[in-house]
Amino acid sequence: MEIALHERTEDTVRIYFERAQQPFIRSMLPQRAKTVEEALAAYRHTRHPGASSFGRTIRADGRYVGDVWVYCIDLTDTPNAMLSYCVFEPEVSGRGIATQAVSLFLEAAAAECGLRTVGAFTYADNAASIRVLEKNGFEMQESFAEEDRLSYYFQKKL
């Protein structure tokens, strides 16, 4: 399967917002935008110079299947940004798409944004996300309870 990253657009933001409303995704990936309008406004903000986030769409064999992004970009802090990703098409889950997309994206984000370190949070019961992070060289730094749910914080030097 060929994995590639592409530019985000308003159309892909709309698709992502709709697809990310699936109950399973919502249970594993907290989402700030509550409406498609909020999602579009956040996307438009990323298009401004000095934006604190950067993202790409994930395509598998040419088909749009998810997104990967960094947010809270601050080169004076450690980590320099936080990573998030989502493959929203259930029929392609478990095929290594997220692992490969994160690898490609970290290279692009380091070059585009000058990142040297990246952090990531995941719920402790999200075994797939933990595998993606570990396969990409992230190391668990701590565990903590968040709203009565165990979470992990991972970090990686680029």
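Helices (H or I, at least four residues) and strands (E, at least two) are taken here as DSSP runs, numbered from the N terminus. With that settled, here are my notes, in numbered points.

1. First, the ground rules. This is a predicted model, in which local features need pLDDT of at least 70 and side-chain atom pairs count only at pLDDT 80 or more, while totals for chains, interfaces and linings use all residues. Residues are numbered from 1 along each chain as its sequence is written, and side-chain values use heavy atoms, with hydrogens and water left out.

2. Let me begin with two backbone spots worth a look. D61 is found in the loop between β2 and β3, and this residue has a positive phi of about 50 degrees although it is not a glycine. D61 is exposed, with a relative accessible area of 52%; exposed means over 50% relative accessible area, buried under 20%, and partly exposed in between (1.4 Å probe, protein chains only). E147 also has a positive phi of about 50 degrees without being a glycine. Its place is the loop between β6 (139-146) and β7 (149-157), and at 78% relative accessibility E147 counts as exposed.

3. The peptide bond from T78 to P79 is cis, with omega near 0 degrees. P79 sits in the loop between β3 (63-71) and β4 (81-87).

4. Now to helix α4, which covers residues 97-113. Its 17 residues reach 23 Å from the first C-alpha to the last, close to the 24 Å expected at 1.5 Å a residue (the expected span is 1.5 Å times one less than the number of residues). Which residues of α4 are buried? They are I97, A98, A101, V102, F105, L106, A109 and C113. Seen down the axis of α4, these buried residues fall within an arc of 150 degrees, so they line one face of the helix; the arc is that of the directions from the helix axis to the C-beta atoms. As a reminder, an α-helix has 3.6 residues a turn, so residues three or four places apart point the same way. The face of α4 turned away from the buried side carries the exposed residues E107 and A111. Just after α4, G114 takes a positive phi of about 75 degrees.

5. In α3, A39, L40 and Y43 are buried. They cover an arc of only 95 degrees around the axis, which puts them on the same side of α3. What covers the buried residues of α3 includes α1. E37 is also in helix α3, but E37 is exposed, with a relative accessible area of 55%. The C-alpha atoms of E37 and F17, 20 residues apart along the chain, are separated by 9.7 Å.

6. On α1 (residues 10-19), T12 deserves a mention as a residue of this helix. Is T12 buried or exposed? At 6% relative accessibility, T12 counts as buried. Leaving aside neighbours within four places in sequence, T12 is in contact with T57, R59 and Y64, where contact means heavy atoms within 4.5 Å. T12 and G96 are 84 residues apart along the chain, and their C-alpha atoms are separated by 22 Å.

7. A51 lies in the loop between α3 and β2. Beyond its neighbours within four places in sequence, A51 is in contact with H45, T46 and I73.

8. Last, the second largest pocket, with a volume of about 270 Å³. A pocket, on a 1 Å grid over the protein atoms alone, is an open set of points where a 1.4 Å probe fits, with protein on both sides within 12 Å along at least five of seven lines; lining residues have an atom within 4 Å of a point. Grid points are joined across faces, edges and corners, and the volume is the space filled by probe spheres set on the points. This pocket is lined by 13 residues, of which T46, S53, F54, G55 and E112 lie nearest its centre. The lining divides into five nonpolar, three polar and five charged residues; Ala, Val, Leu, Ile, Met, Phe, Trp, Tyr, Cys and Pro count as nonpolar, Asp, Glu, Lys and Arg as charged, and the others, Gly among them, as polar.
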